[in-house]
Amino acid sequence: MGSRYLKRLKEAKNRSNQSRRGLDSGWNKNDGNSIQFPSGGSSLDIPVWINFVAAEYGATTMARGAAPRPVGSFAAGAKRLCDLTLPLPTNHETVNKIQYGLGEGEAKGAIYDISESSWREFYETAGGTITDLRDIFHLSRVAGDRDMSQIDSVYQGGNHREHHFSWVLVPQSYSDIENVENISNYFQNFAYPRASTENPYMRTIHPAVWWIEEFNAYGGAIRSDRDSFINSPLPSVLTNVSIKNTGNVEGGIWFTDRFTPAAVHLSISFVELEPALTDQQGSSLYSRSQWRRSRDRKGQK
């Protein structure tokens, strides 16, 4: 049994190095802005983890299309601000809203839509002359003839996807207590603009952009959108953070021996920063910057 356990731990280490983003938070790393809850959570106990990385806002394709870079790194991507790891949420919801309006969309009829029946009608009405004469003498109205509607549902853009998460976090150790407090504070604080150090009286810095990704029990990234429990969010911004301190799930204890809440109900909501688009096969979604960057790197049009 011991050798099998060590083998699985070795596999976990190897697969964590093959992550799509290469996040270096680890499974029990709580140094600085990299925090995990539960702090003693083993990859063998929790099957799927979710990693939330806050990065500085950037306006360029390189900053938005590449994964956040660690502090001190000069790789593409925005500077990482914090790295938070949690188990699967109690509840999760992804909202897709696509806008359509009524109107004449694509060109239809005449030479753009040639068919056997259209040629037959063209011939039988002498190129439409008979129909025009019936309209002029109101014979069409008497017969109840009307123009066929050419109205379509015309695509008018899609709302940026929304992602909603909620947990009930019950600390089991002193380190868990601190981690729950820090995770809640980071979500709350990085939802707001940061103070500018260069122009502290007149300027603020755009709120952080969040990168969200799942990891399986061995630390490997879940790459397939079809396998994603949380529907593979694209880079997003925080729109809501709700922190409710209550007693534990059994309702019997309100405070720990450190006088902190026995349970924290954390709910957060994101909206994606850019519009989503899918590839030709409909297998994955990309943000605008991610797609442009992928084309640039491959040298494709």
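Entry 1, surface patch. I took a patch to be made of residues with over 30% relative accessible area and no salt bridge, nonpolar side chains being joined within 5 Å. In this predicted model, I found that I98, Y100 and Y155 form such a nonpolar patch on the surface, with about 360 Å² of accessible area together. I then looked up Y155, which sits in strand β6 (residues 152-158) and is exposed at a relative accessible area of 52%.

I noted a mean pLDDT of 75 for the protein chain, with 68% of its residues reaching 70 or more. Over residues 4-31 pLDDT stays under 50, although the model has 57 contacts beyond four places in sequence for this stretch. Where pLDDT is low, the predicted coordinates should not be read in detail, so I left those contacts without further reading.

I found A263 in strand β12 (residues 263-272), where A263 counts as buried at 0% relative accessibility.

My search of the whole structure gave four salt bridges, and I followed up several of them. R161 pairs with E272, the closest N and O atoms being 2.8 Å apart; because R161 lies in the loop between β6 and β7 and E272 in strand β12, the pair ties together parts that are 111 residues apart in sequence. Both R161 and E272 are buried.

The side chains of E274 and R288 also meet in a salt bridge, at 3.3 Å from N to O, with E274 in the loop between β12 and β13 (276-278) and R288 in helix α7 (residues 288-298). Here E274 counts as buried at 4% relative accessibility, whereas R288 is partly exposed at 31%.

For E56 and R194 I recorded a salt bridge of 3.6 Å, N to O. This pair links distant parts of the chain, 138 residues apart, with E56 in the loop between β2 and α2 (61-65) and R194 in strand β8 (residues 194-195). E56 is partly exposed at 27%, and R194 is partly exposed at 23%.

Key. Residues are numbered from 1 along each chain as its sequence is written. This is a predicted model: local features need pLDDT of at least 70, side-chain atom pairs count only at pLDDT 80 or more; totals for chains, interfaces and linings use all residues. Side-chain values use heavy atoms; hydrogens and water are left out. Patches are made of residues with over 30% relative accessible area and no salt bridge: like charges are joined within 9 Å, nonpolar side chains (Val, Leu, Ile, Met, Phe, Trp, Tyr) within 5 Å. Accessible areas come from the Shrake-Rupley method with a 1.4 Å probe; for residues, only the protein chains shown count as cover. Helices (H or I, at least four residues) and strands (E, at least two) are DSSP runs, numbered from the N terminus. Buried means under 20% relative accessible area, exposed over 50%, partly exposed in between (1.4 Å probe, protein chains only). pLDDT is the predictor's confidence in each residue, from 0 to 100. Contact means heavy atoms within 4.5 Å.
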